[in-house]
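Take a walk through this model, starting inside and working out to the open spaces. Keep the structure in view as you read.

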Amino acid sequence: MIQNSLHKNYCSSTDKLSTWYAQKTQGLGLPFYSSYDIRDSGFKVANVDANIFPAGFNNICPTDKDYAIEIFAEAFRTRYGANDPQRIMLVTEEHTNNPYYWENVLTIKSLMESSGRKVMIAIPRRMEQPLKVKSLTGVEIDVVSAFEDSVWVKEFKPELIVSNNDFSEPYEEWAAQLTLPIDPPRELGWYQRKKSNYFKHYNALVEEFAGICGIDPFVLNVKTEIFENFDLADENQMKTLAERVDLMVAELKAEYAKRGIQQEPVVFVKNNAGTYGLGVTMVKSGADVMEWNYKSRKKMKAAKGGREIHDVIVQEGIPSRVQADGATAEPVI
C-alpha cells in the first residue's frame, strides 16, 4: 500500500524534512487555527480543501477536546507572550438557523473559556438588540454586534478578536473601524482568497517534499487548473470548459495507466472562492458539462450569500476509501 512506502520514506528522511520545514515556516505568521480535508484513495493521499476559519469543532471526540484545552492555552501564550489575551471576542458567521454551526461556536467558546479566558460572541453587523440563536443541543446563545462602539464591546473590553467568520463578504464598514487585533486576519477571507492560489503553492510544496523523501509527487499532489471569467450563459465558454475537462480526464488516464491504477478518473468543477460545498459539481467528461440540467446549472450559478461565481477551478477528483459506520468519511486535521 502507498501508506507503507510513504511512511518508510518519511522516516528515512526525517532529519532533512525537519530542516526543510523549519526553513519554510521561519518568520511565517501562521493563522491561529485552520483545518484541512484529507482524501485517501489507496493510491493517493492528498489535501483537497483548506479552511482558514474552520467550523466542526463540535465533531472533535471528547478525549481530544480535553487535550484541546491546553493546546488553545499554549497557542495564546506562544503567540502573544506577555500580552496573552484574557478577553476574547469570537466573531462568527450569521447562520441564525444552523444549529450545527452554533454547536461548533459553543465548542470553541468552551475550549477558550476552559483555557482561562472570557469569551463574547459577536457578528460584524450593527444591531440594536442581541440575536438569540440555538445550538444543536438546545443551548440558547446571545449574539451581539462586533462594532467597537457597541455597548456590548465597550462593556466587555475584548483584547483580541478570534474570527470564525469566513469573510465571504468583506464587511468593509466593520473593518474600517477595527482597532483590535484579529486572528486569523479578515484578509484571508473568501472575498479575495482563491483556491487556485492555494493549490498552486500546495503542489509546489509537494514537489519539494517528494524530492526530499524520494517519492512520486503524484501520490500527494492534486491536479488543479483555473478557468477564469466563468459564465453559464455563454455557450462558447461552456464548450471551452468541456474541452478543458476532457483534457484533464485524458491526462489523468495517462497518469493512472503509467502506475497501473485501475480507476476511472473524475474531475470536479469548483467555485474558485467558495465554501460550504456550494458551487461544486463532479463530472466524468466534457459531455457531462454540456448536459448540465437546470439543477446542476443552478448549483454552479451562485455561491454563499447568493454571490455570483466568476472563476472556477477544474480539479482532479480523489476518491475516499475511508469508511465510518458504513458511510464514506474524510479525515480532517
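The largest nonpolar core of this predicted model has 24 residues. Those with the most contacts inside this core are Phe32, Phe72, Phe76, Leu90, Trp102, Met112 and Val162. H4 gives the most, with six residues.

Now turn to the empty spaces. A probe the size of a water molecule, rolled over the atoms, shows where they are left. The largest pocket has a volume of about 1600 Å³. Its lining comprises 39 residues. Tyr21, Tyr36, Tyr198, Tyr202 and Leu205 lie nearest the centre of this pocket. Two or more lining residues come from each of helix H1 (2-12), helix H2 (14-25), strand S1 (35-40), strand S2 (45-51) and helix H7 (195-213). H7 supplies the largest share, nine residues. By class, the lining has 27 nonpolar, nine polar and three charged residues.

H7 deserves a look of its own. Its 19 residues should span 27 Å at 1.5 Å a residue. The end C-alpha atoms of H7 are 26 Å apart, which agrees. Which residues of H7 are buried? They are Lys195, Ser196, Phe199, Tyr202, Asn203, Val206, Ala210 and Cys213. Seen down the axis of H7, the buried residues fall within an arc of 115°, so they line one face of the helix. The spacing follows a general rule: an α-helix has 3.6 residues a turn, so residues three or four places apart point the same way. On the other side of H7, Lys200 and Gly211 are exposed. Glycine 214 follows H7, and its phi is positive, near 75°.

H3 provides the largest share, six residues. The lining of the second largest pocket divides into 25 nonpolar, 14 polar and eleven charged residues.

Terms used
Residues are numbered from 1 along each chain as its sequence is written. This is a predicted model: local features need pLDDT of at least 70, side-chain atom pairs count only at pLDDT 80 or more; totals for chains, interfaces and linings use all residues. Side-chain values use heavy atoms; hydrogens and water are left out. On a 1 Å grid over the protein atoms alone, a cavity is a set of points where a 1.4 Å probe fits but cannot get out, and a pocket is an open set with protein on both sides within 12 Å along at least five of seven lines; lining residues have an atom within 4 Å of a point. Grid points are joined across faces, edges and corners, and a volume is the space filled by probe spheres set on the points. Helices (H or I, at least four residues) and strands (E, at least two) are DSSP runs, numbered from the N terminus. Ala, Val, Leu, Ile, Met, Phe, Trp, Tyr, Cys and Pro count as nonpolar, Asp, Glu, Lys and Arg as charged, and the others, Gly among them, as polar. The expected span of a helix is 1.5 Å times one less than its number of residues. Buried means under 20% relative accessible area, exposed over 50%, partly exposed in between (1.4 Å probe, protein chains only). The arc is that of the directions from the helix axis to the C-beta atoms. A nonpolar core is a set of buried Ala, Val, Leu, Ile, Met, Phe, Trp, Tyr and Cys residues joined through side-chain atoms within 4.5 Å.
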